[in-house]
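Please read these notes with the structure open beside them.

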Amino acid sequence: MGGLFPNIKRDVVFPLIGVIVLFVAVVAGALLYQSILGGAAERLVTLMLINAILVIGMQIYVGNTGVLSFGHIGFGAIAGYTFAVFAISPAEKLKRIPDAPFGLAEVDMNPWLALVIAVVVTLGFALLVGIGLARSGAESGAVAATVITLALLFVTHEVARNWPDLTGGDRAGLSFRIGGALDTRVPVYLALFCSLLVARLYAQSRSGRLAAAAREDNLAARAMGVNPLVQQMVALLISVAVVAVGASLRVYENGSILPDNLFFDLTLVTLVMLIVGGRNSVTGALVGVVVMTAGRELARRLGQEGFEVFGIGLDGAPLDWVFRENLQTVFLGVSMLVFMIWRPSGLLDDWELDEWLYARFGKSPSVKPDPLAELADNTGPALQASGIDVVFGGFQALKGAGLTAETGEIIGIIGPNGAGKTTFVNVITGMVKPTAGSFAIGDIDLTTKPPFELARSGIARTFQNLRLFSALTVRENVEASALIAKEHRRGHAVPNVDAIIAEAGLWDHRDRRARELDYGNSRRLELARAAATAPSFLLLDEPTSGMSNSESLEMIEQVRHMAATVGAAVIVIDHDLGFITGISDRIYVFDQGQVIADGTPAEVQADERVRAAYLGSAGG
Amino acid sequence: MTELLQNLIDGLGRGSIYALLALGVAVIFGVMHLLNFAHGEMITVSGYAAYWAFQQGWSWWIVVPLILVVSVLTSLAIDQVAFRRVRGADDFTLLLTSFGVHFVVFSLFLLYVSASVKNFSRPGWVTDTYKVGSLRIEVFDTVVIGVTIITLLLVSLLLQRTMFGLALRAAAADFDTARLMGVRSDNVIRGAFGLSGLLAGIAGVFWLMRAGQTTPSAGLDPMLKGVLAALIGGLGSLRGAVLGGLALGMAEVLLRSRLPDSIAGLTEGVVFLLIALLFIFRPGGFVSVAHAERV
């Protein structure tokens, strides 16, 4: 558990309490409504609870990864048909689908076992689709992912329509019995409770936190050692399992399934519920389901009965042009549009009931941690790069560049704009593949490794143009790094999250969102987040750009101290000669893609070529 | 051989309409990075306008320009009401906004007209054919192909020779830089919606002539074709969109005539599947939607 959830009280106990509260509130409200309106409302309530399961399932994927999926109801269709084919009695099946393949028409199975099979089969499809999504480079907002999931929805629908031997086809479909087959609501309650719990636990888990980090900034997450594709796959599988249960229950409740039951309309309804409530929050998704169900029901009644629903009964009322049949469809479309335009993050954004409870009642008053001790013993293999060439189109950005960094050193890289400094860092962190040359830590060649593996090998970086996980808090930003360090940097000094935050001077801001920080603090958070991965080599791309002189001096001290506490060598890029000579043990001077000089600050400053190139082209 | 040739000609006719639709989708994607799921709504609205016009006893001679005007106005109106308010939003929001527009238009017709199909008369020559050697060629396809060629020539003149065209191409090539260079983004985007509406209108004329009917969800099918074709062509690319449209038309005709009858209904699914596979195996290659990462 400790590995899966960073903080048991915050990530398991409170979510459980929160889910119980939410569940009880929704069910109690629904039962109250039902007892007032009687039997007519019963089906509406059951359907709402089942829709809630579907929407929570979608939230697990869409919320945590930021990838918009139109395909979850397609997965639902796969589950629904699998469930129906296994669970419907042979007598009924021999009437509808006597020629079903694999002798499925004769299978006689308990519906709950059929549900398990439906989930397993659907997960198999999810695995395939997930691999496809990963290959397409799915990330937050990716168009390719949306198209692939939309394709899934359409393909399942067409297969269902055109394979009557298995699905009963377009008209007849498959059915248990008229009027619904679900006699008790207990399975729905159970499934809803479990999906809420699974959704909250996943979001708080290691995988959920890393997925959310990648959602906020895919590149920065990879640079810290997260493999977003793995976390997205985990999110997809869990999410599809929940949707599969929801869809099977829906089929069971309906008592029948037709291709159009689990297609575009349901996709729209569930997506609107998710968006309106807030896709980044489980509480929000549930609220969205309740609000949209209530709104649609009201719109439907108003559409059918006009004002009479309030017992006023205005004949020829001036609002007759609004209160018409199908008003609920307008309500859906308008809700989607209105929320997208004015509140795209939904009613609750990423607010969670249990997080609020934890902040109020659960948190022990935290004490600012003591400054970290610098590591006394700090030795390890050196980072060596040599002969690095990079060509962009016809432009050679690097020509045989190289560098050696020993543990504990602070190396400065300096050069005028366009000298290839950032490109060099991009090569060392795997973001640009060199056309020639290699780099290694000790004997381990790393030249072809992807960014996340390099980060796990101990190379961390910051970004010149700030790439924080902006919707996450300061603490969550650093915590995501620490999760990587705990798993992949065993044997290294893994620093305490709170201590790193305090060290970076962000203690008073620890619960603020990264996007609310001012510029200087954002830079400090970049540094803290990189240091929390327990790197052996910390690459800083212009860490003081845009800072005042006094801030820069303070930053130099922070860098020095933080590197010493995690035992990392620092490679720092800047174009400010004064700053670099002040901080570095050794300096590499880049010009036009080449290293033109290296040595101690004094040696470099005395070098003729450096003076010519540097003072000449950058003006000082 | 003859059959193949026949298929190619049929595919060209069908593909021309898709090319016009895809070009409209690509233009919008270029200027605001929006995959427009509401691109079919111009056809829905002009379909009802055509229905209304026929009720008044008007002929196709008046209805054709009416469709074009209504389509352009619809496109501009959709931008004014919805997309203008989400300029610069993330892709997720943009995509769902267009999805929302589609459903609002759909549901308004559902509410105020009805769910039932509204029929109007097709022009008599739509089903006429003539023979060239052993090939049977539809008069309709000939007209479609001819009009499409003229339209594409005019559009390419517009893109190559006018300031608006330059701005539009610049925006399509690199939206952020174009804006930095002083391209008046709002005017360009509005112009792009006008152009996209006109292209959808021309496609819509043919679509409605052939269908002879309209429903609240009539726009869904042309929207999907346009979006799929634009995807095949590599979303940002205008030339790609045209080729994508032709390719989609050909593929559909070929699949429909070659697939065994029992699975002929799957044509759309197969096309969708192929596109998904394209995305999976050639991400950012044939289909160039991936953004360049800037570090």
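1. In chain B, the contact between helices α5(B) and α8(B) (contact: heavy atoms within 4.5 Å) involves B:Phe140, B:Asp141, B:Val143, B:Val144, B:Val147, B:Thr151, B:Val155 and B:Leu158 from α5(B), which meet B:Leu195, B:Leu199, B:Ile202, B:Phe206, B:Met209 and B:Arg210 from α8(B). Eleven of the residues in this contact are nonpolar, one is polar and two are charged. Here Ala, Val, Leu, Ile, Met, Phe, Trp, Tyr, Cys and Pro count as nonpolar, Asp, Glu, Lys and Arg as charged, and the others, Gly among them, as polar.

2. This is a predicted model, in which local features need pLDDT of at least 70 and side-chain atom pairs count only at pLDDT 80 or more, while totals for chains, interfaces and linings use all residues. Residues are numbered from 1 along each chain as its sequence is written, chains are lettered from A and ligands numbered from 1 in the order in which they are written, and side-chain values use heavy atoms, with hydrogens and water left out.

3. The helices of point 1 are α5 (residues 139–161) and α8 (residues 185–211) of chain B; their axes come within 12 Å and cross at roughly 180°. Because of that angle, α5(B) is roughly antiparallel to α8(B) (angles under 35 degrees count as roughly parallel, over 145 as roughly antiparallel, 65 to 115 as roughly perpendicular and the rest as oblique). Axes are lines fitted to C-alpha atoms, for helices over the stretch in contact, and angles run from 0 to 180 degrees between N-to-C directions. Helices (H or I, at least four residues) and strands (E, at least two) are DSSP runs, numbered from the N terminus.

4. In chain A, the axes of α1 (residues 8–37) and α2 (residues 40–65) come within 8 Å and cross at roughly 160°. The angle therefore makes α1(A) roughly antiparallel to α2(A). From α1(A), A:Val26, A:Ala30, A:Tyr33, A:Gln34 and A:Leu37 take part; their partners in α2(A) include A:Leu44, A:Val45, A:Met48 and A:Leu49. This contact has ten nonpolar residues, one polar and one charged.

5. One helix pair joins the two chains: α14 (residues 327–342) of chain A and α4 (residues 91–112) of chain B have axes that come within 8 Å and cross at roughly 155°. It follows that α14(A) is roughly antiparallel to α4(B). Their contact has 15 nonpolar residues, six polar and no charged.

6. Which residues lie nearest the centre of the second largest pocket? They are A:Arg10, A:Arg209, A:Thr473, A:Glu476 and A:Glu479, among 46 lining residues. The pocket holds about 1300 Å³ of space. Helix α18(A) gives the most to its lining, with seven residues. By class, the lining has 16 nonpolar, eleven polar and 19 charged residues. On a 1 Å grid over the protein atoms alone, a pocket is an open set with protein on both sides within 12 Å along at least five of seven lines, a cavity is a set of points where a 1.4 Å probe fits but cannot get out, and lining residues have an atom within 4 Å of a point. Grid points are joined across faces, edges and corners, and a volume is the space filled by probe spheres set on the points.

7. The whole structure has six cavities of 30 Å³ or more. About 50 Å³ of space lies in the largest cavity, and its lining includes A:Tyr61, A:Gly130 and A:Gln232. Helix α11(A) gives the most to this lining, with four residues. The lining has six nonpolar residues, two polar and no charged.
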